[in-house]
Amino acid sequence: MQKQDSITTEQLRQWDKRYVWHPFTQMQDWQRDEQIIIAKGEGCWLIDTDGNRYLDGVASMWTNVHGHCRKELNDALKEQVDFLEHSTLLGLGSEQSIILAARLAEITPEGLDRFFYSDNGSTAMEVAVKMAYQYQVHSGRPERSRFITFRNAYHGDTIGAVSVGGIGIYHTTFKPLMFETYQAPAPYCYRCECGLKKESCGMECLDSLEELMKNNAASTAGLVIEPLLQGAGGMIVQPAGFLKRVRELCSRYDILMIVDEVATGFGRTGAMFACNHEDVVPDIMALSKGIAAGYLPLAVTVTSDMVYAAFLGDYAELKTFFHGHTFTGNPLACAVALRSLQLFQSDNLLSELQSKISLLKQRLEEFTVMPHVGDIRQCGLAAGIELVENRETGTPYPWEERVGIRVCLEARKLGVFSRPLGNTIVIFPPLVISHDELDLLVGVLQESIRAVTEK
Ligand SMILES: *Cc1c(COP(=O)(O)O)cnc(C)c1O
C-alpha cells in the first residue's frame, strides 16, 4: 500500500491544529492535547500514522457495518468509478440510484417505497419535515405547521433538524433561530419525568403525549421520533411497546409519523430497521449512517404513496417538492450501498448478530456491581453505560469533570477508541465485530471506568 511517507505525523498534527476545525470539539482542548491521526482501516481496527491500532468502538460515528476497507465494498467502489462518478438527479435518472431504490423497497416496511435521496442524516430529516408540512398544505390544512418532538431527541445539526431535537446542551444557543415545537417527555426510564420506576412503568409518559395530541392535533403536521433508541441523547432505550403505541396515537389523531432511523437502520438493533421490532409502519422514514456501510455520505427519506400522491398535480399548481441537494443519489455511494445489502445476505449478518447481542448483554451484567454505574442500557448492538457520582441517588457527575471523556482517554491507552455522550459510555461497534473483539471492547471499557471512577 502506498502512503504519503514524506509527511511526518508531527507535521500532520501541526497542520491539523493550524487548519482543521473539528466538529463537536472544544478546540482549545484539542490544540493542547496530542491527537491521533488515522491513516488506515482494517476490519474493526483503525491504524494511526505511527502504526498504533485502535478498535473502532463507535463504528466511526455509528456508520461502519462490514468493517473498514472491506474488499467487496472497495471493489464495488472501484468498479463504479470507472463507469460514472456522479450525475445529477435533477432532470436525469441514474442507474445505481434506481437499482438501490428498488432494492430498498423490498426491505423497508410495507408501503414505504418512495425514495427521496440526500446525503446525510440531517438533510434526510430536513426533507422529512418539509415533506410532512407540504403534504399538509396540499391536503388543505396549511395551519398544521407544528411538530411534536421528544425531549432528549437528536435529529441532526441543521436548523430544521435542531428545531425538532431536544438536547439542551446542543440546542439552547440556537433557540432564537429555531421554529417552535410541542415537546413530549422523553421515555428515559432511569430519569423518568413521570417519577416512575422501570418495574412499575405503565408508559404513563404516553398520557402526556396523548394530551399534547388531543390539544394540538389541529395545528400539528407530524410527530418525529427516533425508534427504540434515542442515540445521541445518551443511548436511551424505550420500553417495549412504546413505539407501537406512538404509532397508534399518530393514527388516532391523524398526525404523520416521522421515524428517524438514521442511527438504528441497517441492522443496529438486531433487525434491519428498528420499526420491524414492533411491526410499525411510519409515514416517513429517514435513513443514513449505515446505508453505505460507512463508506460515503448517503441518505434517503422514504415515504408512502399517500404522501407522494399529494405532490402530484399540474405544473401550475405548484405542488412540486421544491427541495434538492447537489450530490443527491451519488452513484458511488449507491453502488457501495447496493453491495452492502448483498453482504447482509451473503454474510448472514442479521442472524450472526444475535449471538453478539447476547454476548454484549451477558458482559454488561458485570457492570451492574460497579459503584459508579447508574444505568446500563442496550438495544441490539448498541449500548450506553451511564456513570454517576452517587449510585443511590443517581446524582450525575458534574459535567465539568469530563468523566466520560476521561474514561475514553483511558481506553485509548489500551487500544480502544470510543466517544462518550456526556457521562454515558457508548458501545456501538461495526456489526461485523467478532466475539473476541467485542469481549476486548467491553473489557477495556470496564477497566477504564474502574481506573477513572474507583481511584
Ligand atoms: C447522526 C444522526 C443524525 C444526523 O446525521 P448527520 O449525517 O450527522 O447529519 C440524525 N438523526 C439521528 C438519529 C442520528 O443519530
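**Ligand site, domains and cores**

An oxygen atom of the ligand sits 2.8 Å from a polar backbone atom of Gly 121; a polar contact here is a pair of N or O atoms within 3.5 Å, and within protein one must be able to donate a hydrogen and the other to accept it, with residues adjacent in sequence counting only if both atoms are side-chain atoms. The model is predicted: local features need pLDDT of at least 70, side-chain atom pairs count only at pLDDT 80 or more, and totals for chains, interfaces and linings use all residues. Residues are numbered from 1 along each chain as its sequence is written, and side-chain values use heavy atoms, with hydrogens and water left out.

**Ligand**

- An N or O atom in the side chain of Ser 122 is 2.5 Å from a ligand oxygen atom.
- Lys 289 places a polar side-chain atom 2.6 Å from an oxygen atom of the ligand.
- The ligand alone exposes 380 Å², and the protein buries 83% of that (Shrake-Rupley method, 1.4 Å probe).
- Residues surrounding the ligand (a heavy atom within 4 Å) include Trp 62, Asn 120, Tyr 154, His 155, Glu 226 and Asp 260.

**Domains**

- The assignment, automatic or from a database, gives domain 1 (36-66 + 348-453) and domain 2 (74-346).
- Their centres, taken over C-alpha atoms, are 26 Å apart.
- In domain 1, 34 residues are in contact with 30 residues of domain 2 (heavy atoms within 4.5 Å).

**Nonpolar cores**

- The largest nonpolar core has 59 residues; Leu 100, Phe 266, Leu 298, Ile 385, Leu 387 and Ile 427 touch the most other members.
- Such a core is a set of buried Ala, Val, Leu, Ile, Met, Phe, Trp, Tyr and Cys residues joined through side-chain atoms within 4.5 Å.
- Helix H13 (residues 331-346) gives the most to this core, eight residues (helices are DSSP runs of H or I, at least four residues, numbered from the N terminus).
- Domain 1 and domain 2 both give residues to this core, so it lies between them.
- A second, separate core has 40 residues, among them Ile 167, Met 213, Ala 263 and Val 426.
- Beyond four places in sequence, the contacts of Ile 385 include Leu 364, Phe 367, Val 373, Asn 423 and Ile 449.

**Thr 453**

- Thr 453 belongs to helix H16 (residues 435-453).
- Its relative accessibility is 9%, so Thr 453 counts as buried (under 20% relative accessible area; exposed is over 50%, partly exposed in between; 1.4 Å probe, protein chains only).
- The Thr 453 side chain reaches the backbone oxygen of Ile 449 at 2.7 Å.
- Leaving out residues up to four places away in sequence, Thr 453 touches His 372, Leu 387, Tyr 397 and Val 403.

Technical notes. Helix = DSSP H or I, 4+ residues; strand = E, 2+ residues; numbered from the N terminus.
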